[in-house]
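Subject: Structure for you to look at

Hi,

Here is the structure I promised to pass on. Please open it next to this email and follow along.

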Amino acid sequence: MIVAKQKDIEEIIEEVKDYNKILIAGCNECVTVCEAGGKKEVAVLASALRMYFMNQGKDVKIDEVTLERQCDHEYLEEIRKMIDQYDVVLSLACGVGVQFLAEKYISTPIVPGVDTCFMGVTEERGVWSERCQACGQCILARTAGICPVSRCAKRLFNGPCGGSTKGKCEIDKELDCAWQLIIDRLKELGRLDDYEQLTPIKDWSTERAGGPRKVVREDVRQ
Amino acid sequence: MTETKTPSKLEKILRSGHLAVTSECGPPRGTDPKAITKKAEMIKDHVDAINITDNQTSVTRLCSLASCIHIKLMGLEPVIQMVTRDRNRTAIQSDILGAASFDIFNILCLSGDHQAFGDNPKGQNVFDLDSMQLIQTVRHMRDEGKFLGGDEINRPPRMFVGAAANPFADPFEIRVPRLAKKIAAGVEFIQTQCIYNVEKFELWMKLARERGLHEKVFILAGVTPFKSAGMAKYMKNRVPGMDVPEDVVKRMSGVPKEKQPEEGLKICIETIQRLKEVEGVKGFHVMAIEWEEKVPEIVEKSGLYPRPKME
Amino acid sequence: MRLQYPTNIKIICLPCTGKVDLIHIMRAFEKGADGVYVAGCLEGTCQFNTGNMRARKRVEQAQKILEKIGIGGERVQMYHLSSSEAPRFVQIAEEMTEKIMALGPNPIKIAGKKKAA
């Protein structure tokens, strides 16, 4: 899922301090799972902001709504009738949702309440880590299910580098060396000989480098 | 002597069966070329080729290419080090052409230390290619005479291709397969990480010999003299991929501070003497970081002086 | 034991302090409470294993937020005691009351009064 982290409240306050009618919009999917922008987080943030503004002696209306997702038209339509009551929407969805809201409701400022971090997994409650960088050409079959693009700090295709120490990356003792993981997995699968196959030079044109991406399925378009 | 593929003096020396000696200079964090030329002057008669590091440890310095040109203009033999951390494939091929245009005939292909270690930890990194793919690229440009994109190169570069090897990094079990991989990618000479744990190095060499790899690539053993016990401890504990046995540290700490540099040099020279006996070692890469003035002494006392004169 | 404790304390009973959510603490202050404390079981004695420790973490979260928005993080506290420790219960009630008296009323009440004036 997409993992995000709520922004520091000081930054959020800075973004909304000049407004008087704020709608805080959460999202029921990824940001709920990583406890950054779901219904609970919306409620706590709303309460905190209300108290902040009360303390400042400022009269601010702060309402809460949590949409199923903020990346599909149908769900965003749910707020069409109420959005004009507000002079800003503080969206706690990932960057995708914030932008989609802004595209749809062009005359209302939409500001982000979370920093979108990466696509990853829940290792345990409270710990999320990156797994995928959407390079557009998945090679996981060759690397025993471990991605060198997202998990190697140097995205080496023929790693490990000389800095790999005791299975950890040279930049962070807590970070697993992706290539150590790949080698261990190849061993488990009885495929350590595959290690010597040279991985050819990557085509990065399907990644960010190639420009903003789109997927079109003519077979399902209406 | 096997036929040389490039005008590289280093290649000629190695293919003639001599033990080669290379060393390295770190460029300055500024624009004064004297910082390089002075170091090169100190060592020029005692080495066959001089490596110039490429923004080592990700710290911004005068670039390797420009430094190599200064070396070349002195009439000496440079080895350009190139990391893939800072350049995409366009810049890489372009810099290779640039180096070749100045008749720089040796290149060392590296991935590079992560920028988190350097002075620009907030910067981007590139890693369009990794070190193995860089080796393949240089060979492709030289032997096929073509760019990666497929077009012909006007007067292809002729470079002797090298890479680094670290017998001491983890995991040990793939360090020899990794050497084999680099050979398959096209590498022609290897400079290893500096050696203090001679036993481990000897084991790595043994495993390499079992696969005949020592005959497919010229392996130059890396050595670095300790200036102090503090340096030994630092390298043991703080440098990833470095193996400094406890008894070596003890040897350094066991002598008074003023005697430590001398002891460090002694250890270095003894290491070279031991390594000369290891089958498959075809030369030495003396990395005397910020102590370049000691290179002549190390080379002489290791019985590697004078250097062979090649036409 | 029929011990006396300060009258300004409103008790909300829960089956376990693990039931306290961050929003409950926030709402209490939003509605004008001057202080909130959560009295949970001693470490290692929670009937539901870690309810009391979860409550502690949530109290710490609340402290951080309240500090940042200018209400004051010390207004919310976590205490651990056994349900049989009546004297300790009184001691905590007194300690908390004293602390809150020293801090003064919830700033939003003052701000509210200022506005009304």
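To start, how many helices and strands does the secondary structure of chain C come to? The answer is 4 helices and 2 strands. Keep in mind that this is a predicted model.

Stay with chain C for a moment. Read from the N terminus, its elements run α-β-α-β-α-α. Its C-alpha trace spans about 50 × 30 × 20 Å along the principal axes. A compact globule of 117 residues would have a radius of gyration near 13 Å; chain C has 15 Å, which agrees. Of its 117 residues, 27% count as buried. Now take the contacts in chain C with a separation of 6 or more: residues 24 or more positions apart account for 70% of them.

Next, see where chain C meets chain A. This contact takes 17 residues from chain C and 13 residues from chain A. On the chain A side, two or more residues each come from α1 (9-16) and α3 (39-55). The largest share is from α3(A), with 10 residues. By class, this side of chain A divides into 7 nonpolar, 3 polar and 3 charged residues.

Then turn to chains A and B. Here 22 residues of chain A are in contact with 24 residues of chain B. On the chain B side, α5 (131-144) and α6 (175-185) are the elements that give two or more residues. The largest share, 5 residues, belongs to α6(B). This side of chain B has 13 nonpolar, 6 polar and 5 charged residues.

Best wishes

Definitions and conventions: Residues are numbered from 1 along each chain as its sequence is written. Chains are lettered from A and ligands numbered from 1 in the order in which they are written. This is a predicted model: local features need pLDDT of at least 70, side-chain atom pairs count only at pLDDT 80 or more; totals for chains, interfaces and linings use all residues. Two residues are in contact if their C-beta atoms, placed from the backbone, lie within 7 Å. Ala, Val, Leu, Ile, Met, Phe, Trp, Tyr, Cys and Pro count as nonpolar, Asp, Glu, Lys and Arg as charged, and the others, Gly among them, as polar. The radius of gyration is taken over C-alpha atoms; the globule rule is 2.2 Å times the number of residues to the power 0.38. A residue is buried if 20 or more other C-beta atoms lie within 10 Å of its own, exposed if 12 or fewer, and partly exposed in between; C-beta atoms are placed from the backbone.
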